[in-house]
Amino acid sequence: MRSEDPGPGPVGDPGGVVGPGAPGGSLEGGGGGPRRLHVLSPVFFAVGHAWRLWPLALLVVARRQLWLLVLGALVLLAWSTIEWLRRTYELEGGALRLEEGVLARKLRAVPFDRIQQVDLVRKPLHRLLGVATLRVETAGGGSAAEVDLDVVTLDEARALRASLLQAKARLAGIPVGQAPASGGDTTAGRAPGPRAAGSQVDTSVDLTAPRAERVLLRLGLGEVMLAGITGSRAAAALVVLGPISQASDWFPGLSDWLFSRFDPEAVTPTTPAAFAAVAVLGAIVWLGLAAASSIVTDYGFTLARTGNDLVVRRGLLERREAVLPLARLQVVRIEESLLRRALGLASIRIQSAGRAGRSDQTASRLAIPVLQRAQVNRVLEELLPGAAPVPRLLLPPPAARRRAVTRSVVVATLVMAAIALLLWWLSALDVLTVPVAFGLVALPVLALAMTLGLAAYRHLGHATREGFLYARVGVAIRVTTAVPVAKAQSGSVRSSPFQRRAGLATLHVDIAGGGPTPRVHDESEATAERLLHVVLGRVGV
Amino acid sequence: MTEATESWVAARELDPRVVTVWTLQEAIGYGVLALLALAVDIGARLAGLDVPGPPGLVAGLLAVAGGLAAWWVPRANYRHWRYHVAEDALELRHGVVRRIHSAIPYFRVQHIDVSQGPVERAVGLARLVVHTASAGTDATIPGIAVGDAEGLRRLILARAGDGDAV
């Protein structure tokens, strides 16, 4: 298995780090063939497995079958040992290779220059035994570290980390020591761990110099309230009202006390005018709650730009600040609900990728709760330079209109058929009598479904312009997405049998970080394929 | 490298042995389901519940339907699978009901896995899984001969180029 030559990998730096005491050979020469983890690794594997099997262990202990526990531990240890024997890693061919698996085998290859982060983790037990876990992360979309070497000797871990960072730095043409990948010790536990000599501090940013801040958008109190009233908080306010209406359950004496004070006959609305008054009052309380909750979270919303960072500050009681480097911003979504469209308002959401390509929590904190539609293009230009103004979007071909209307009508018909069946069944059981003429209701419902289908078609659209792809979808909430083509990771054209019959397809654009996949719905197959070429950067836009 | 480059130029079908792998996997899945149904059926009868139909009816139907599906689905899937190692991107076309044509530019590739389940190991096949920074990327090529998978992995990584690809 061992290769004689050092391999083509650039790891073999003559001034490189030699991992003394590494099991199965040193790092010298970079290649050196596949190596196993530390001999103690099976113990850590077994502990990991046992951790997942604790309910079983508890059961066995409860039944006082200690011999079974011992047997189980031995089996686990044996299995872990086989796992350890079947797990090797290697620096070869410009990549970190990891081979593992007893029954199912997996070979993973991580190119050095894709490595984003190399972490050395030492838990108390690790420190006691002089070992460490080395975690290597790329910008991959998964949630766990791509490579987890659990465990290697501390020296080996440090040497590996140094080699990986050095190889990456050399490939990126950056002088060693300023590699963008972080290499800090993550020391778990309280005891002060030995700081690695290789730990780096990013010196490229001068933190002391104050940077000029430019405010892009500031929301006044009225706008923040408007955001709550017109947004999803208005629906959420119902959730708050619910518990209040049930307060009488929590305070049994409350309603008696209220009844003694107010005559229920006088309070209960009897005339239409009183009904209207109660309804208006309820609506005011409801909207007030929505506005209040919006004020609490978004009071003094300020979007600003500092250097190459976006900064958002918001909050009444707790002032929150979120910062996002503009380079990490992936996609901007302009959302307009029916109500907000009527009022000339919109909101903006952004999607960003975290340091390691994962979804980023700051993105949700950077959402702009509400803004005038007239300001959308100005803000979009600040978020994605060159993206504004949103161009005129092209409607999909007429086949998409037929499909939208047909789909809407078919769904409405199916729902009505289900309701009709239920009513017929209840009538047959003599629970209630429904006049046959009631079936006439189906006609306006079908007309409505047809209108909605047409509206759904009219709200679809896409456009391409100078490195950007725009896509729009949605009637109740119309979402216009601006995707920088340079941020697309991959793309696909997908079609269902119905779409194929109509000659249509949908384009998906895969973006780093979590969030909905930007899509161009129901375009002609030819257009979707052409857009895929655009996404791949094969043709300019 | 040129030799390897040449050999991947045209769109390729999967290795025919993948049909065996898929058939076996589907059959095992439906078999387990049928056995479970049989166990529930027998259990209910032993418990004295009134189960309509002769014993093992549901399990039998499941076994027949599963057998048909295990025969047909892998073959249909195989017929619709093509992958193409194009100049700048890996392109896959697959799907029977929902057709998918996906393309992954090499320079977006973060890392590559070559995986084998027990059945795949027995017949000498592997799955090539290409990861990008997006979790939504659809880039698994099932059913490549192990040697080919290794060659393809090297080819893709060689074309992936430098940088962090985000």
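Predicted model: local features only at pLDDT ≥ 70, side-chain atom pairs only at ≥ 80, totals over all residues.
Let me start with the open sheet in chain A, in which 4 strands follow one another in the order E9-E10-E11-E12 with antiparallel pairing; strands here are DSSP runs of at least two residues and helices are DSSP runs, H or I, of at least four, both numbered from the N terminus, and two strands pair if DSSP finds at least two bridges between them. Residues are numbered from 1 along each chain as its sequence is written, and chains are lettered from A and ligands numbered from 1 in the order in which they are written.

E9(A) is joined to strand E10 (residues 302-306) of chain A by 5 bridges, the two running antiparallel, and Arg218(A) stands opposite Thr302(A) in E10(A).

Now to helix H11 (residues 272-298) of chain A, whose 27 residues reach 38 Å from first C-alpha to last, close to the 39 Å expected, where the expected span is 1.5 Å times one less than the number of residues. Which residues of H11(A) are buried? They are Leu289(A), Ala290(A), Ala291(A), Ser294(A) and Asp298(A), and by buried I mean that 20 or more other C-beta atoms, placed from the backbone, lie within 10 Å of the residue's own, while exposed means 12 or fewer and partly exposed is in between. Just after H11(A), Gly300(A) takes a positive phi of about 70 degrees.

Glu466(A), with a phi of about 40 degrees, is in the loop between strand E16 (461-465) and strand E17 (468-473) of chain A, and Glu466(A) is exposed because 10 other C-beta atoms lie within 10 Å. Asp522(A), with a phi of about 50 degrees, is found in strand E21 (residues 519-524) of chain A, and Asp522(A) counts as buried because it has 27 C-beta neighbours inside 10 Å.

There are cis peptide bonds to look at as well. One joins Asp150(A) and Val151(A), with omega about 5 degrees, and Val151(A) lies in strand E7 (residues 147-153) of chain A. Another joins Ala388(A) and Pro389(A), with omega about -5 degrees, and Pro389(A) is in the loop between helix H14 (373-383) and helix H15 (398-428) of chain A.

Turning to chain B, its domain 1 (2-14 + 82-160) and domain 2 (20-76), with bounds from an automatic or database domain assignment, have C-alpha centres 34 Å apart. In this chain, 6 residues of domain 1 are in contact with 5 residues of domain 2, contact meaning that the C-beta atoms of two residues, placed from the backbone, lie within 7 Å. Helix H4 (residues 118-123) of chain B gives the most to the domain 1 side, with 3 residues.

Finally, how many residues does each chain bring to the contact between chain A and chain B? Chain B brings 40 residues and chain A brings 42. On the chain B side, the elements giving two or more residues are strand E3 (99-105), strand E4 (111-116), H4 and helix H5 (146-160) of chain B, and E3(B) gives the most, with 7 residues.
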